[in-house]
Amino acid sequence: MTEAEAVQAATSAGPVDPEKAAKKAAKAAEKQAKKQKALDRAAAEAAKAAEGAPAGSSRRAKAKEEAEAKKAVEAAELAAWLEQARTTPKGSKKELPGKMPKGYDPKAVETAWYDWWEASRYFAASSDSCKPPFAMVIPPPNVTGSLHIGHALTLAIQDTLCRWRRMSGYEVCWVPGTDHAGIATQTVVERQLARETGQTRHDLGRAAFLDRVHDWVARHGDRILYQCRRLGASLDWDRRVFTMDAKLSAAVQEAFLRLHAQGLIYRDHRLVNWDCRLKTAVSDIEVDYVDVPGPTMLAVPGYTERVEFGVLTSFAYPLEGGEGEVVVATTRPETMFGDTAIAVHPEDPRYQALVGRHVVHPVNGRRLPIVADAELVDMAFGTGAVKITPAHDPNDFATGKRHGLEFVNVLDDDGRMNGNGTGEFAGMPRFAARVAIVDWLKARGLFRGAAPNPMRLGVCSRSSDVIEPVLKPQWWVACAGMAAAACEAVRTKAVRIVPAEFEATWFRWLENVRDWCISRQLWWGHRIPAYYVAWEGDEAGAPGAPSEDTSRWVVAASEAEALELAAARFPGRALRLTQDEDVLDTWFSSGLFPMSVFGWPGDSPDLRRFYPGALLETGHDILFFWVARMVMLGQQLMGEVPFKDVYLHSIVRDAQGRKMSKTLGNVIDPVNVIEGISLQDLHASLEGGNLEAAEVARAREGQVQNFPDGIEECGTDALRFALVAYSSQGRDVNLDIKRVVAYRHWCNKLWNAIRFAMLNLGEDYAPPAGPISHASLPFACRWVLSRLDAATAEVDRALSAYEFAAATTAVYAFWQYDLCDVFIELSKPVLAKGGAEAAEGSAELAATRTTLWTCLETGLRLLHPFMPYVTEELWHRLPRGGAPLPTPSVMLAEYPRASPDARDARAEADMAYLLAVVNRCRSLRADYGLTRERPALHVACADGSRRALLAASAVELATLTDSASAALLSAGEAPPPGCGVAVVDDATTLYLSLAGILDAGKEVEKLAKKEAEAAARIEALEKKMALLSYKERTPAEVKEADGERLAKAQAELESLRAAKADMQALA
């Protein structure tokens, strides 16, 4: 069975696994594309051979000239078509050529439609509409660059849902926006500044630097918007936002003020993920973890030599009084300067007598208490004694809190030893100090050895620097209460997570939530509305320093308001206020997105109409970092969840299953897939970005490996359909561009179907004004309309359940296997009738024409959410007898609805049987290598009802099997001699007349081999069924199935023997 037949059988039989069916459909399309390429290649080779042939082959030369002339004409037609499309005034409706071009071209098809949609305001939502709302915000992409294929997946899924809902009668409000991406944007601009001027941001000053960032965003931010439009995203551009807009900035400030007033934002000295290169705290999502199996030398930014990781270094702390020592071990010797205690297990007999005593720090003389701590210490690990560095390790931080230890930060912001007890090592870079302190310990006899130690190393995804846990005074959000409310929202289904398997992840994160650090040591972003209070003679530490007094902060919307609050708190002093230099974590403003885009904290009509949204669609990798925070902040500030459903799509990987990475050279700009791009231009796209020279070189190598011939032009529709078809709930997507190319060829199939209708219906064809009476239609018409209704029901069900692979499988299967492969083929002999023949079959002809038009028009509406461009173009080309379009655009037309009256189970069952006969006949033809030959087909059938169906469907059988004729053998009638034989089932056998077509001698050999194989199967079955154990222990249903298999094999053997005898007679 071929791929097409397999999917046809599966979709006809009943429910199928959506992912498997999607893969089968994609493979079938890919095979079709490969087949077409092979045919083109063969034609080219034939033309080349004809070119070098001697003068005697003038006929071939002439054929070649004619073929080339034909191609030239088609190329000229395409060029004219494309030129006409491109001359469409921006925002105007495209004029379509009077004559339908012979083939699909994505450039010509996609040109001008989007500008017309947008100019016509078909994407705009109204808060005054009486339609049910369907609101959704786009996950705002970072403004730093361009969208990649993962963003394209997001847009393809979201736009599919928006177009479907819009056509289904909803007021769709899909809000576009971009994120200011604090760290990423500042890093890009700082690197550009250094390249162009040799300056740092500090050389420019804050105001001048921010002006430069705004200029950069203004120049580069529109690239993302262009990509969204190229992908056909029907976004409400009137509502476009940027997280640094005045409206959203006001919302961010108000949220900070309210949460602080509620006691949920506070200032404290706590550990953060510190990036010494960027000189800022970073969020957990920006930390990648590298597994280090043992001693490993790694490159670290800012160091000329590699740094060793994966080593456990042991050294001794002398006991106070000189009566012995305690040996500890660490993977970070440079942090010993911040040690403030030694912890041991209270039940460890080796150290019980030492608890309460002290050791002396050999570098700075600090007295370190020995404390008992069962929670931290594992007696079996290492020496059983653990050095405690509360300011530089999360576990030690908690231990320090439990025991009231001193917290000593020993690192400057740039990762150098800061002088807090670091002695002669002050000013050294941290990893240089690592080597130096080990040498120092060796020189003083305190080194006790080094051992391999597997570890996980935190590395910043932005800078590739090794993350340092550092104690810093920062602003924090208390998350426990909000997290509990977010868990309750999911438990009560106020928020529904799809796939449901991610609920466990949701609960695991939120039930173990930690407070959220929202301070970032950047200039680009929302500056924190907090002011540090000082006065003359003040001895409090500076803001941001380890000695900072956190009680000195006042939070206010302006400096004037802050001064008022400070004067009330610290009366009688000449106060100085300093606004916090830091900005808020980007995720804080993103967490407010579903309400800030609609005007919160104001009470706007948009907010009342479109909050909460219907859906939040995003990748599962940011379930906690973004989705959970939106739910927490929405409930806390609005008293309501921000959306009802959360759909988590797959993560897109490359064809080898690798994560998309710029340095791997596998990051794909969706526009490059849409328009095609050469390898050379792919290389050029790496220049001018934020990759280092070495990273650019690695990326070039990756591009050569991944795209040796560049990327072929696919068009938007093919890319969208492939991405949505790939989407299987909760699983990663390994995207192979070849699959996208295959769907581009499938678009040509759709094009040819409409072209066939145009040629056979004519431009003056007028479709029926009212509903079709199915009962009076011919069999094939009733069947295909029933399949259309089944596809409509399945697409609607699948989209409602976010089962996108099932939805694309259903619509693909209808167009490919039901409409094009079967019904259009069956309609050809009916539509080809003319003269008196047409008059006699006028009812059948009219029904066939009506059914064909209905299937094409309804099928285009069904397909539109997935493939907006080609469906818009083809929908406008359908003949309507001069009647006006029911709506200006297919995107405004009503989405097809399933109707129980359209289903015809009998017709579907009958056609399923006929297609089984057809598929078996096609397999038989393939067995004999028949391609162009059209032998007669004879069918023997022992079942009365099936005989009647076969007799009534002779024309259909002959058409679909490419036979000269199809005849039903009478009961007891022998088939003609010299037939190929195939058994369909226990009642149906096919005979393909091969006399005069094949070499009878060779066929006798083939049939003899098949006879032996059939006899062997029968013998094996009979032996098994004769066993006593089989008779006594085998279930009745298995026995019944084996009996049917035996009967079928025996019938097949009998047919093979008869066919062999016929062939022997011919030989």
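## Second largest cavity

Phe-779, Leu-826, Met-911, Leu-914, Val-918, Glu-956, Leu-957 and Leu-960 line the second largest cavity of this predicted model. A cavity here is a set of points, on a 1 Å grid over the protein atoms alone, where a 1.4 Å probe fits but cannot get out; lining residues have an atom within 4 Å of a point. The second largest cavity holds about 40 Å³ of space. Volume is the space filled by probe spheres set on the points, with grid points joined across faces, edges and corners.

Two helices each give at least two residues to this lining: H31 (905-927) and H33 (954-961). Helices are DSSP runs of H or I with at least four residues, strands are E runs of at least two, and both are numbered from the N terminus. By class, the lining has seven nonpolar, no polar and one charged residues. Ala, Val, Leu, Ile, Met, Phe, Trp, Tyr, Cys and Pro count as nonpolar; Asp, Glu, Lys and Arg count as charged; the others, Gly among them, count as polar.

Residues are numbered from 1 along each chain as its sequence is written, and side-chain values use heavy atoms, with hydrogens and water left out. Local features need pLDDT of at least 70 and side-chain atom pairs count only at pLDDT 80 or more, while totals for chains, interfaces and linings use all residues.

The chain has 36 helices and 33 strands. Its C-alpha trace spans about 115 × 75 × 70 Å along the principal axes. Of the 1067 residues, 52% are buried. Buried means under 20% relative accessible area, exposed over 50%, and partly exposed in between (1.4 Å probe, protein chains only).

## Largest cavity

The structure holds three cavities of 30 Å³ or more. The largest contains about 60 Å³ of space. Its lining consists of Ala-135, Met-136, Val-137, Pro-594, Phe-598, Phe-610, Gly-613, Leu-615, Leu-616, Pro-642 and Phe-643. Strands E1 (133-137) and E26 (613-619) each supply at least two of the lining residues. The class count is ten nonpolar, one polar and no charged residues.

## Aromatic pairs

There are 35 aromatic pairs in the structure. Rings of Phe, Tyr and Trp (its six-membered ring) pair if their centres lie within 6.5 Å; planes under 30 degrees apart are stacked, over 60 edge-to-face, and the rest tilted. Trp-475 and Trp-553 form an edge-to-face pair, because their ring centres are 5.6 Å apart and their planes stand at 70°. This pair links distant parts of the chain: Trp-475 lies in strand E18 (residues 468-477) and Trp-553 in strand E23 (residues 553-555), 78 residues apart. Trp-475 is buried at 1% relative accessible area. Trp-553 is buried too, at 5%.

Phe-598 and Phe-610 make a tilted pair, with centres 5.8 Å apart and planes at 35°. Phe-598 sits in the loop between helix H18 (593-596) and helix H19 (605-610), and Phe-610 sits in H19, so the pair ties together parts twelve residues apart in sequence. Phe-598 is buried at 4% relative accessibility, and Phe-610 is buried at 1%. Both residues also belong to the lining of the largest cavity. Elsewhere, ring pairs join Phe-721, Tyr-743, Trp-746, Tyr-812, Tyr-817 and Phe-866 into a cluster.

## Charges over rings

Arg-165 places its charged end over the ring of Tyr-170, 4.8 Å from the ring centre. The criterion is NZ of Lys or CZ of Arg within 6 Å of the ring centre and within 35 degrees of the ring normal.

## Strand pairing

Strand E27 (residues 643-649) is mostly covered, with six of its seven residues buried. E27 pairs with E26 in the parallel sense over six bridges. Two strands pair if DSSP finds at least two bridges between them. Gly-619 stands opposite His-649 in E27. E27 also pairs with strand E19 (residues 496-498), again parallel, over three bridges. There, Arg-496 has Asp-645 as its bridge partner.

Strand E32 (residues 979-985) has seven of seven residues buried, so it is largely enclosed by the rest of the structure. Six bridges join E32 to the antiparallel strand E33 (residues 988-993). The two form a hairpin with two residues between them. Cys-979 has Ser-993 in E33 as its bridge partner.

Methods: 1 Å grid on protein atoms, 1.4 Å probe; cavity = no way out; pocket = protein on both sides within 12 Å on 5 of 7 lines; lining within 4 Å.
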